[in-house]
Amino acid sequence: MTSALLEIQNLVKHYPSVKAVNGIDISLKQGICFGLLGPNGAGKTTTIEILEGIVEATSGEILYKGEAPGERFRKEAGIMFQSTALQDYITVRETLQMFANFYPANADINDLIRRCNLTEYLQQDNRELSGGQRQRLLLAIALVNNPDIIFLDEPTTGLDPQARRNFWDLINDIKAEGKTIVLTTHYMDEAYSLCDEIAIMDHGKIIAQGTPKDLLKANFDDVILQLPEAELENFDLSSFSVHKKDSHIDIMTDDVNRVIAVLIENNVSLSQLQIRSRTLDDLFLELTGKELRA
Amino acid sequence: MFVKRFLALLSTRNKEFIRDRSSLGWNILMPVLIVMGFAFAFSGDIGKQFKVGVLNQNAATELARQFLELKHIEFYAVTDLERAIKKVQRHQVDMILDAQQQQYWINAESPAGYMVEKVLLATPQASFEKQTVEGKMIRYLDWVIPGILSMNMMFSALFGVGFVIVRYRKNGMLKRLKATPVTAFEYLSAQIVSRMLLIMVVTAFVFYGTNVFVDFVMNGSHLSLFFIFALGAFSMISLGLVIAARITSEEAAGGLLNLFSWPMMFFSGVWFSLEGAAPMMQMIADIFPLTHVTAAARAIMIDGASLVDVSYHILILAGQSVVFLLFGSWYFKWD
């Protein structure tokens, strides 16, 4: 017997030409938001689709509430795929009602409509929905059976910043109800804002796992000083740890005062200097050497 | 829960089809246009050639042989007299001549039969025994209508189910359904029933609507015809399920559906009779469900046949339905 809501042990999925998931272990406690991060092709979607029961694993064990996922799991799980087509000529309300009829127990549909801001679009044909409206409907569908565990696969991809923020509010509401969320995302600010725990995947393996703060603390004890490249043209950077990004140069240091003193001493203009703490973007770059949004 | 899930899928699919006005319109309009086209094309007798069925052609008397040598009359060998006489009754053949017994059958109401009789008896020494039959004229239009209705059903069944399933698989809708408690059986049942309902309503609409304009022959029971069309639709929808069971590309599905539908359209006796066709072609035609729907519907509409009379076709269609449905369900994949 396990106390975790979802327990994954040594999960493997091999396709003829690629090892998409190569032996991962995850343990999810009830009520947390778990973020699965990684670059394109890291194995996130394959992993989440194995957990959802869509893709069959090559080997490994998955336990939901202590038993192999089956009929009970399908009734208690809410799923929002990366991309799902909705039936043409069917309205938002009819779509929600159809999915509600698939389950023995449902959430209050009217409450769901209100929470997902769908009231204005109820009689609208699925074909006429905007990106944000569509994502909110897909989230409502994922919640229609009042699930215990919700899988959200890149739910805000393609949304404008305002729609993303609205979506985050919705997810925070769901979290507040004590539901367990498994989220994959390309956006590190999203993961940082929503997730209690994250796992970073690359080449089918988990390369780091923990709370965002703990991971940052464990990997970094420095800050970044960012300056335009042009300002540092005649400055010798060889004694610093630096990273060139677009037209800027990042100087990584745990002694800000010393670096600033050296820059002033060498007549480097600091008018465009920015100092920031390490983020999950930096962590990912550090661990995988890849840009997250690549 | 099965009923609830099944009804949810059925009702949504029905709404989707009914609200797709262009698709619904074409489903109704296409067979009507074909029938009207044929009614127009065969409205005159321009270029008609007389047609005479000949019994005992090899043992023809000298007098009969002289008649058989005439030009501009199409002679064909007859072995089954009863069947041949039926064709005279329907005006499909102008005369049947027993070349040995010097006996002939014509339809008393047929002008063409009257003309051929005059030619047969033109020689002064001609001594042929006359037999007359009666019967309403069966136009090509009457003969072809059961086939057109069946063919329209076939296209609606194959493309309406097969193509839609492949489209849903490709765009991820089936994958989304897989993640719910809905089973493949529930989903496929809803697709079959939805399409059957729509096919039967559209076929009934086309049947009665077309009849207003062309007044075609219907000698059998409407209920028997309904049964045959329902069974035929079920069989061809099941065939559509087999074709769409795993394909993920709409292009491949379109190609495969055409591969099945076009040979059926041409070699199932929709447009021309398979009587006298090469045995190999008849064997191939016998495999197609459309052959059996068309033959049974034609027998009911033209000959007034009962379900017992067409039981051979019913058995084949029922057997094919079971095989297609079991295989299609077993082979089906959500994604």
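Which strands of chain B do the buried residues of helix 4 of chain B pack against? In this predicted model, they pack against strand 1 (50-55), strand 2 (73-78), strand 3 (95-98), strand 4 (103-107) and strand 5 (129-133) of chain B.

## Helix 4 of chain B

Let us begin with the helix itself. Helix 4 of chain B spans residues 81-89, and its buried residues are B:Ala84, B:Lys87 and B:Val88. These three lie on the same side of helix 4 of chain B, because they cover an arc of only 105 degrees around the axis.

After helix 4 of chain B comes B:His91, with a positive phi near 70 degrees.

## Strands 3, 4 and 5 of chain B

Four of its five residues are buried, so strand 4 is largely enclosed by the rest of the structure. Strand 4 of chain B is joined to strand 3 of chain B by four bridges, and this pair runs antiparallel. With strand 5 of chain B, strand 4 makes five bridges, and here the strands run parallel.

B:Phe50 sits in strand 1 of chain B. Is B:Phe50 buried or partly exposed? It has 17 other C-beta atoms within 10 Å, so B:Phe50 is partly exposed. Leaving out residues up to four places away in sequence, B:Phe50 touches B:Ile73, B:Glu74, B:Asp94, B:Ala112, B:Met115 and B:Val116. B:Phe50 and B:Pro111 are 61 residues apart along the chain, with their C-alpha atoms separated by 11 Å.

B:Trp334 belongs to the segment after helix 13 (311-331) of chain B. With 16 C-beta neighbours inside 10 Å, B:Trp334 counts as partly exposed. Its contacts, not counting residues up to four places away in sequence, are B:Leu174, B:Lys175, B:Leu177 and B:Lys178. From B:Trp334 to B:Ala126 there are 208 residues in sequence and 75 Å in space, C-alpha to C-alpha.

## Where the chains meet

How many residues does each chain give to the contact? Chain B gives 20 residues and chain A gives 22 residues. On the side of chain B that touches chain A, the elements giving two or more residues are helix 1 (2-19) and helix 7 (173-178) of chain B. Helix 1 of chain B gives the most, with seven residues. By class, this side of chain B has six nonpolar, four polar and ten charged residues.

## Chain A: domains and confidence

The domain assignment of chain A gives domain 1 (30-37 + 73-217) and domain 2 (221-277). The centres of domain 1 and domain 2 of chain A, taken over C-alpha atoms, are separated by 40 Å.

Chain A has a mean pLDDT of 88, and 97% of its residues reach 70 or more. Within chain A, confidence is highest in helix 3 (residues 92-100), at 95, and lowest in helix 10 (residues 280-288), at a mean of 81.

How values were computed: Residues are numbered from 1 along each chain as its sequence is written. Chains are lettered from A and ligands numbered from 1 in the order in which they are written. This is a predicted model: local features need pLDDT of at least 70, side-chain atom pairs count only at pLDDT 80 or more; totals for chains, interfaces and linings use all residues. Two residues are in contact if their C-beta atoms, placed from the backbone, lie within 7 Å. Ala, Val, Leu, Ile, Met, Phe, Trp, Tyr, Cys and Pro count as nonpolar, Asp, Glu, Lys and Arg as charged, and the others, Gly among them, as polar. A residue is buried if 20 or more other C-beta atoms lie within 10 Å of its own, exposed if 12 or fewer, and partly exposed in between; C-beta atoms are placed from the backbone. The arc is that of the directions from the helix axis to the C-beta atoms. pLDDT is the predictor's confidence in each residue, from 0 to 100. Domain bounds come from an automatic or database domain assignment. Two strands pair if DSSP finds at least two bridges between them.
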